[in-house]
Amino acid sequence: AISDPDRSETFYEEVLGLRKLYRFGTLVFFDCAGVPLLLDKPEDGSPITPQGAIYFKVPDITIAVAGLKKKGATFVDRPHLIAPMPDHDLWMTFIRDPDGHLIALMMEAPKGYSPSLENAL
């Protein structure tokens, strides 16, 4: 659920770069890697409770962070190693949409990856 369809439409389309499928009233649909993402404002005006998380796999987390920062995204944390896996290292960082819903960027990096983080936040 979203509180302001115009604000969320701008964020998901212009900041995150998702392709908008269409909008009908307060319903806004985006293509989220082949899965339709529906954003809607509750008709009863009930308060928005941030929930869930959308994870986006990116090829280079430092480039993705820099690009999103330029577009106005505010990060919750710095890119960091979440889990050393057998064949790669999993790096993540998080932002929130205008209503506080969590959005993650994740990178499956080569073992021993050491990102340049001086410009990450």
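This is a short chat about a predicted model of one protein.

Q: In which pattern do they come along the sequence?
A: The pattern is α-β-β-β-β-α-β-β-β.

Q: What does the C-alpha trace span along its principal axes?
A: About 50 × 25 × 25 Å.

Q: And what share of the residues is buried?
A: Of the 121 residues in the protein, 40% are buried.

Q: How much accessible surface is there, and what part belongs to carbon and sulfur?
A: The accessible surface comes to about 7,000 Å². Carbon and sulfur atoms account for 57% of that.

Q: Which residues form a nonpolar patch on the surface?
A: Leu21, Tyr22 and Phe24 form one. Together they have about 340 Å² of accessible area.

Q: Where does Tyr22 lie?
A: In strand 1, which covers residues 19-24.

Q: Why is Tyr22 called partly exposed?
A: Its relative accessible area is 44%. Partly exposed runs between the buried limit of 20% and the exposed limit of 50%, so Tyr22 falls in that class.

Q: Switching to loops. Where is Pro47 found?
A: Pro47 sits in the loop between strand 3 (35-39) and strand 4 (53-57).

Q: Buried or exposed?
A: Pro47 is exposed, because its relative accessible area is 71% and the cut-off is over 50%.

Q: How far apart are the C-alpha atoms of Pro47 and Ser3?
A: They are separated by 7.8 Å. Along the chain, Pro47 and Ser3 are 44 residues apart.

Q: Now His88. Which loop holds it?
A: The loop between strand 5 (80-84) and strand 6 (89-96).

Q: Is His88 buried or exposed, and at what relative accessible area?
A: His88 is buried, at 16%. Buried means under 20%, so His88 qualifies.

Q: What is His88 in contact with, leaving aside neighbours within four places in sequence?
A: Ala83, Glu108, Ala109 and Lys111. For Lys111, the C-alpha atom is 4.8 Å from that of His88. The two residues are 23 apart along the chain.

Q: Back to the whole protein. Among contacts between residues at least 6 apart in sequence, what share joins residues at least 24 apart?
A: The share is 48%.

Q: Last topic, charges. How many positive and negative ones?
A: There are 12 positive and 17 negative charges. Their mean positions are 4 Å apart.

Key:
Residues are numbered from 1 along each chain as its sequence is written. This is a predicted model: local features need pLDDT of at least 70, side-chain atom pairs count only at pLDDT 80 or more; totals for chains, interfaces and linings use all residues. Side-chain values use heavy atoms; hydrogens and water are left out. Patches are made of residues with over 30% relative accessible area and no salt bridge: like charges are joined within 9 Å, nonpolar side chains (Val, Leu, Ile, Met, Phe, Trp, Tyr) within 5 Å. Accessible areas come from the Shrake-Rupley method with a 1.4 Å probe; for residues, only the protein chains shown count as cover. A salt bridge is a side-chain nitrogen of Lys or Arg within 4 Å of a carboxyl oxygen of Asp or Glu. Helices (H or I, at least four residues) and strands (E, at least two) are DSSP runs, numbered from the N terminus. Buried means under 20% relative accessible area, exposed over 50%, partly exposed in between (1.4 Å probe, protein chains only). Contact means heavy atoms within 4.5 Å. Lys and Arg count as positive and Asp and Glu as negative; His and the chain ends are not counted. The place of a charge is taken as NZ of Lys, CZ of Arg, CG of Asp or CD of Glu.
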